[in-house]
Amino acid sequence: MKKIEAIIKPFKLEEVKDALGEIGIEGMTVTEVKGFGRQKGHTEIYRGSEYTVDFLPKIKLEVVLPNERVDAASAAIVKAAKTGKIGDGKIFVTTIDDSIRIRTEEKGDKAL
Amino acid sequence: MIKKFLLTAITAITLISAFSPAMLRADDPKPDPNGGNTGVASDVPGFVVSAPAELAGDDLKDTNKVAAYNDAKKAASDYAAQAKLEPLAVKLADNVGHNRVAINFMWTLVTGFLVMFMQAGFALVETGLCRAKNSSHTMAMNFMIYPMGMLGFYLCGFAFMFGGLGAIGTMGGYAGLNHEITLTIAGHPFGILGWKGFLLKGAGYDTAAFCLFLFQMVFMDTTATIPTGAAAERWKFSAFMLYGCAIGTIMYPLFGNWVWGGGWLSQLGTNFGLGHGHLDFAGSSVVHMQGGVIALIFAWLIGPRHGKYDKTGKLVHPILPHNIPMVMLGTFILAFGWFGFNPGSTLAGTDLRIAVIAVNTMIAGSTAALATTLYVWWFKTKKPDPSMMCNGMLAGLVAITAPCAFVSAGGAALIGIIAGIVVVEAVFFFDKIGIDDAVGAISVHGVNGCWGCLSIGLFADGTYGDGFNGVAGNVKGLFYGGGMSQFWAELIGVTTCFVTLSVLSLVVYFAVEKLVGNRVTVEVEIEGLDLPEMGVPGYSGVQMDKDSETPMLKA
C-alpha cells in the first residue's frame, strides 16, 4: 500500500481529478497549501514598498493505493498536471502500513 | 478610578440634561421648539419691505444717505399699506416662507443622514486596510466614535462651536445662538468661542438649532473617526475612548467656531479685508484637516506598527490589507455620502447652487482617482494599486470639499488631479520618514484638506459667495483676477488649523498616556488586538494566513 502525495498548481486540480477518475481511482483528499520550490517567490509593491511573495498557493492531493496501481496513477497525475513551466509541482510516494474503513472495519487493500 | 469618574460624568450629564431649568434669558429671542412659527413671509426673498434703520450723527448731513433713507422709508410704508389691503397675500406669503424653510430643513436633515452613513464607509475602509487579526478592534473604534463623539458634542461641543453663530439664515433666521466670547485686539473683534445652546436647552431648544445640530454632529464625527485609521492596529481601546471624549467636547469645536461659528478666522475679511475671511464651504480644513493633523500627531507619537520598520528605521515589510473589496465598498459609500457632505453645506435646498456643488464633487473625486491610479501605475510601482486608487478618490473629495461651491467644473477637475498626485507623494513620504499611517489618513485628509482650502484662493471663479462672512461680492481667486487676498486668508486658516490641532493633540495624547497609556504591548500587537482588547475575533473560525501575522523583525 502506498500513498501518493502530489503538490500541483491549483488550476490543474480538475484535470488531475478527471485523469485519476478515468483510471478508476475513486477517492482522494485535497488540501489548499502554500509553499515554494525552485520556482521561488517574486516581489510585488504595496503602497510603494516592495515585499516578497515567497509562499505561493498550491494544492496538495493525497491518494492511498494498492502497490500495483501506483505507477499508473503517478503517470496520470504527471500527464494532467504538466504545463512545462517552472512551478508545476512534485509527487512523493510513501509506504503505508495499514488502512481501515471506519464504517465496515475492513482492513488493508480492501479498505481502499 | 477613571471608570467611576466617567460613569459618574455620563450619569450627571443625563440627569442635568433632563431636569435642569431652561436657561433662557428674558432678552433672548424666543425659540420655537415646535416649528409652527418657523418660516414666515419675511423668509420669501423681496416680499416684506422693512423700515430702514434710523439715521444718526454725521449721516444726517450726508444728502445721499438721507435720500436713500427717505426712499426706503417710503417703500416700507407703501408695503405696509398694501399688506393691509391684501391680508390674504400676506397669509399666502407666510405659507410660502414656511415651505421654503421646510425645504431647507428637509435638505439639511437628509444630507445629514447621508453624512452619518459615511461612518460605515470609514469603518469599512479602515478595517479593510488593516489585518484580519485586528478587524473587530478597528471596527469597534469606528463604531464607538459615533456615540462618544455625539455625547461630547451634545454636552458642550455644539455650544462652543455654534453658540455665537447669530441668525441661522436659511432656517427661518432663528437668532437665539447669539453669545460669542470675543476679544478685542487693536480695535478688531476676535471671536474665540461660542457659549450658548449647552445640552440643547434654553436657546438651543429650537427646531432650527436641532436641525443644525444634527448636520454638524455628523460632520464632527467624520473628523473624529479619521485618527482611528492612522493609529489603528496598536491603539489601546481605553485610550481611544478617552480621545473620543476630547474630540467632541473641545478638540473639534474650537477651530470649528473660528471658521463656521462666527469666530476670528471668519472675520479676517471684515476685520482686515482679506477676501471673504477664511472660507471653507463644507470642511476641508474644519473637518478633514483637523482630523488629519490629529492623525499625524497620534501616528507619530504612538510609533509605527511592530515589524514594518527595522531597527535602523528602514521600511522592510509593508503590512498588507486583509480585505480590498471592503476598502473599495467603503470608498464608494464615502463618495456617496459626500453628496450629503458638500451640497448639504448650503443648509438650503432652495439654494440651487447645490447642483453645481454636487457635480463639482463628482468631478474632483473622479479626476483624482484617475490621476492617482495612472500616476502610481506609470511612474511609481508599475501596477495600479487598488488601495491607492481608493486613497486617490478620497483625496479628491477632501480637496473639493472647501472649494466645491466656488469653482467651475474645470477648476474642480484640476483640483482633483492635483489632489490625486499629491496624495501619492504624501503617502510615500510619510512611510519613508517612519510615520506609520495604516490607512493613509494623514495624506488623504490632512494634506489634501490643506490643499482644498488653498485652492479656493486660486480657483474661485467669482460666481458665488456674495455676502459670505459679511463681505459683499462673490468669491474670486488669483486665477480669476481676484488677487492674492483670498489666498492669504486661506493660508492663515490652514496654518492656524495645523498649529492649534497639533497643540491640542499633544495635550490629549500625553494626558491619555498618563491616564491609561496609548499603546498596547508588543505581545498583544503580535497576537492581534481582537482577542486581548475586545474578547472576540473579527472572523471566528477562519484560518488566517501568513500575511495576517505581524512580520517578525529580522535580526
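These questions and answers go through a predicted model with chains A and B.

Trainee: In what order do the strands of the open sheet in chain A stand?
Mentor: The sheet has four strands, with antiparallel pairing. Strand 2 (29–35) and strand 6 (89–95) each have a single partner strand, so they stand at the edges, with one side of each left without a neighbour in the sheet. The order is 2-5-1-6.

Trainee: How many bridges join strand 1 of chain A to strand 5 of chain A?
Mentor: Strand 1 covers residues 2–8 and strand 5 covers residues 56–65, and the two run antiparallel. Within this pairing, A:Ile8 stands opposite A:Ile59. The number of bridges is seven.

Trainee: What angle does the direction of helix 2 of chain A make with that of strand 1 of chain A?
Mentor: Helix 2 (residues 70–81) packs on the sheet and touches strand 1, strand 5 and strand 6 of chain A. Its direction makes an angle with that of strand 1 of about 5°.

Trainee: How many residues does chain B give to the contact with chain A?
Mentor: Chain A gives seven residues. Its side has four nonpolar, two polar and one charged residues. The number from chain B is 14.

Note on methods:
Residues are numbered from 1 along each chain as its sequence is written. Chains are lettered from A and ligands numbered from 1 in the order in which they are written. This is a predicted model: local features need pLDDT of at least 70, side-chain atom pairs count only at pLDDT 80 or more; totals for chains, interfaces and linings use all residues. Two residues are in contact if their C-beta atoms, placed from the backbone, lie within 7 Å. Ala, Val, Leu, Ile, Met, Phe, Trp, Tyr, Cys and Pro count as nonpolar, Asp, Glu, Lys and Arg as charged, and the others, Gly among them, as polar. Two strands pair if DSSP finds at least two bridges between them. Axes are lines fitted to C-alpha atoms, for helices over the stretch in contact, and angles run from 0 to 180 degrees between N-to-C directions.
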